[in-house]
Amino acid sequence: SIDNYASMRENEEDARIEVERVAEKRFAARISKKRAEQKFRKGRASKLAIIVKVKDDGSKKRRLIVDLKRSRGNDKAVVPERVVLPRLGDAVMMMLAMLRMLVANGFTGEQNPQEQRSMELISADFSDAYFHFRVHESEWEHCLSPDIIPDSWLLWVDLCFGLAAAPVIWWRCA
């Protein structure tokens, strides 16, 4: 008998677009309230919120947040560490280490068509990063949220934004 946060009602069209997108991509499954009550008797349901940001070009970035903290769904998660992102100095030190390895292996930096050694730096931005990983079926009872459709629930079958362990799982695998 829970309802989503006011942001879902205040941004109704954006909420509908984002919920339909995650359902269509099968990051979350739609199940009836009756089915949820039958299958997940001991589970916890978490409210949904949405954050909508308008970019400089006028497009919108939408993010659904599953409030597993307030519902106490995250209480079951054991997260023994936290994500520590690299700093600028760390990136510089890594590049210098790579350059030292190249020089040690005969790289001179001069234009030489025979020279096959090189160094490349890349950056990647993953859309829907957490959704790349599945939630174990035994945990699904804690991954329910009210849907925008009456008498329907969203079952988060992939990691969602709001799950305490999601950043560490993504960080370790990435």
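Two residues are in contact when heavy atoms of theirs lie within 4.5 Å. The model discussed here is a predicted one. By that criterion, and leaving out residues up to four places away in sequence, Cys160 touches Val66, Leu68, Tyr130, Phe131 and Ala166.

**Interior**

The largest nonpolar core holds 28 residues, of which Met8, Val22, Leu64, Leu144, Leu155, Trp156 and Cys160 touch the most other members. Two or more residues each are given to this core by helix H2 (12–24) and by strands E1 (28–32), E2 (48–54), E3 (60–66) and E5. Strand E5 provides the largest share, four residues.

Strand E5 spans residues 152–156 and includes Ser152. Ser152 is buried, at 9% relative accessible area. Beyond its neighbours within four places in sequence, Ser152 is in contact with Arg30, Ile31, Ser32, Lys33, Pro146 and Asp147.

**Cysteines**

The structure contains zero disulfides. Cys143 takes part in none, and its nearest cysteine sulfur, that of Cys160, is 5.9 Å away. A disulfide would require the two sulfur atoms to be within 2.5 Å. Cys160 is likewise in no disulfide. Cys143 is buried, with 5% relative accessibility, and Cys160 is buried as well, with 1%.

**Surface**

Leu88, Val92, Met93, Met95, Leu96, Leu99, Val103 and Leu121 make a nonpolar surface patch of about 730 Å². One of these residues, Val92, is located in helix H4 (residues 88–104) and is partly exposed, with a relative accessible area of 36%.

**Salt bridges**

Eleven salt bridges are found in the whole structure.

| Pair | N to O distance |
|---|---|
| Glu13 and Arg16 | 2.5 Å |
| Arg72 and Asp75 | 2.8 Å |
| Arg134 and Asp158 | 3.0 Å |

Glu13 and Arg16 both belong to helix H2 and are three residues apart, about one turn of the helix. Glu13 is partly exposed at 45% relative accessible area, and Arg16 is partly exposed at 37%. Asp75, the partner of Arg72, is also partly exposed, at 45%.

Arg134 lies between H4 and strand E4 (144–146), while Asp158 lies between E5 and helix H5 (166–173), so the pair ties together parts that are 24 residues apart in sequence. Arg134 is exposed, with a relative accessible area of 55%, whereas Asp158 is buried, at 7%.

Technical notes
Residues are numbered from 1 along each chain as its sequence is written. This is a predicted model: local features need pLDDT of at least 70, side-chain atom pairs count only at pLDDT 80 or more; totals for chains, interfaces and linings use all residues. Side-chain values use heavy atoms; hydrogens and water are left out. Buried means under 20% relative accessible area, exposed over 50%, partly exposed in between (1.4 Å probe, protein chains only). Patches are made of residues with over 30% relative accessible area and no salt bridge: like charges are joined within 9 Å, nonpolar side chains (Val, Leu, Ile, Met, Phe, Trp, Tyr) within 5 Å. Accessible areas come from the Shrake-Rupley method with a 1.4 Å probe; for residues, only the protein chains shown count as cover. A salt bridge is a side-chain nitrogen of Lys or Arg within 4 Å of a carboxyl oxygen of Asp or Glu. A nonpolar core is a set of buried Ala, Val, Leu, Ile, Met, Phe, Trp, Tyr and Cys residues joined through side-chain atoms within 4.5 Å.
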